[in-house]
Amino acid sequence: MPPRAKKVAIVASYAPSLLNFRGDLIAEIRRRGHEVLALAPDHDGATTAALARLGVVAASYPLQRTGLNPLFDLKSVRALRTIFERFEPDVVTGYTPKAAIYSAIAAGKVGVPRIVPMLTGLGYAFQAGGGLKVRAVRLATTWLYRLAFRASHAAIFHNHDDRQDLERLGVIPARVARHVVGGSGVDLGAFREAPLPPLAEGLTFLMIARLVRYKGIAEYCEAAAAVRGRSGTARFRLIGPPEQGPAGFPLAEIERHAGTVEYLGPRSDIREQLAECHVYVLPSYREGMPRTVLEAMAVGRPIITTDTNGCRDTVDQPATGLLVPVGDAVKLAEAMEFFLKRPDLIPAMARASRRKVEQQFDVRLVTERTLAALEL
């Protein structure tokens with residue numbers, strides 16, 4: 001007798017991410033015969049139509065993605081509670097901090113049978129350092145995590161460090177099962193292994209990220225300037241959309257490094273850009289599981305990234321790349337210079353990167369782990 005079809009609510013904080021980061025998961029849930037309601041605050045016509053082609057119903061709810069505004073956040077929980085009362089889901093999972101927290105709290109209030117928040121990262125409040133405001137936000141966020149886990153049956157993490165950080169804070173009840181799935185995975189068919197560009201013509205380093213300070217944009221530019229001063233053949237490229245707000249990295253600062261860093265703006269041809277580089281760089285301060293790093297590994301490129309949550313999970317040092325301290329442009333420059341001095345090591349490291357992503361981060365493997373946690 002086939003298992004009973006279930007009703008699944010997937011809650012996002014940004015509608016396009018439902019396709020870009022959860023598309024494979026949603027398609028597999030539908031293939032198994034389950035009904036899916038996809039919730040996000042900013043559904044647009046294109047996303048809604050694409051979800052409809054998968055047989056998924058899209059609906060909106062109010063969410064203020066940044067900051068903590070108690071009145072607006074309470075409005076988000078109430079709206080989700082109303083939606084869940086009407087839809088009567090068997091399973092609720094939300095991802096990114098606010099969507100995960102508020103969907104779990106709302107689902108708990110209406111008695112959803114299985115509630116599984118997906119922690120794709122712990123959010124701004126858990127960045128290292130910060131002043132009084134950041135510490136206050138961290139305390140408030142920790143309290144919200146405690147409420148969310150109290151209502152939950154299991155939790156999905158993208159990396160081991162985030163799980164351990166919340167365990168140390170004592171916010172996860174012992175009865176809540178913890179699953180580490182390895183990010184959202186990467187489609188190895190879409191991101192095929194690509195031959196390296198000729199090494200004799202100089203190395204190309206590439207970084208892809210939103211232009212926000214905590215991605216390590218400043219460190220990348222500073223390290224590139226230091227390396228360029230000692231090696232005129234190296235090339236440094238940067239891809240990503242500008243970001244407004246206090247965390248945004250000003251375009252004027254990037255333009256100041258125009259003689260060193262080639263800023264290509266936002267691009268849609270990511271696989272082709274990865275194929276044109278020799279080494280991929282992401283000096284982020286903290287990640288859930290960096291998707292661009294996984295895509296670079298799938299294409300077959302060595303990685304330079306930071307020894308921090310999420311990022312360190314992607315590198316087997318020194319077989320597939322190098323880890324550097326967070327916020328250290330000097331060590332980042334030294335890692336770049338390692339490859340400039342030993343380009344003969346790049347082909348073997350490139351192959352090892354591809355093998356690692358095949359073994360650990362193939363989207364099919366990640367989807368199976370996620371579905372097991374959701375009991376679908």
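**Figure legends: overall fold and backbone details**

**View 1. Overall dimensions of the chain.** The model shown is predicted, and its C-alpha trace spans about 65 × 50 × 40 Å along the principal axes. The chain holds 14 helices and 14 strands, and among contacts between residues at least 6 apart in sequence, 70% join residues at least 24 apart.

**View 2. Burial, surface and charge.** Of the 376 residues, 53% count as buried, while the chain exposes about 16,100 Å², of which carbon and sulfur atoms supply 54%. The chain carries 49 positive and 38 negative charges, whose mean positions lie 5 Å apart.

View 3. P318 itself belongs to the loop that runs between β13 (303-306) and β14 (321-324).

**View 4. T96 between β4 and α5.** Although T96 is not a glycine, its phi is positive, at about 75°, and the residue sits in the loop between β4 (91-94) and α5 (97-109).

**View 5. E375 after the helix α14.** E375 is a residue other than glycine with a positive phi, here near 60°, and its place is in the segment that follows α14 (363-374).

Note on methods: Residues are numbered from 1 along each chain as its sequence is written. This is a predicted model: local features need pLDDT of at least 70, side-chain atom pairs count only at pLDDT 80 or more; totals for chains, interfaces and linings use all residues. Side-chain values use heavy atoms; hydrogens and water are left out. Helices (H or I, at least four residues) and strands (E, at least two) are DSSP runs, numbered from the N terminus. Buried means under 20% relative accessible area, exposed over 50%, partly exposed in between (1.4 Å probe, protein chains only). Contact means heavy atoms within 4.5 Å. Accessible areas come from the Shrake-Rupley method with a 1.4 Å probe; for residues, only the protein chains shown count as cover. Lys and Arg count as positive and Asp and Glu as negative; His and the chain ends are not counted. The place of a charge is taken as NZ of Lys, CZ of Arg, CG of Asp or CD of Glu.
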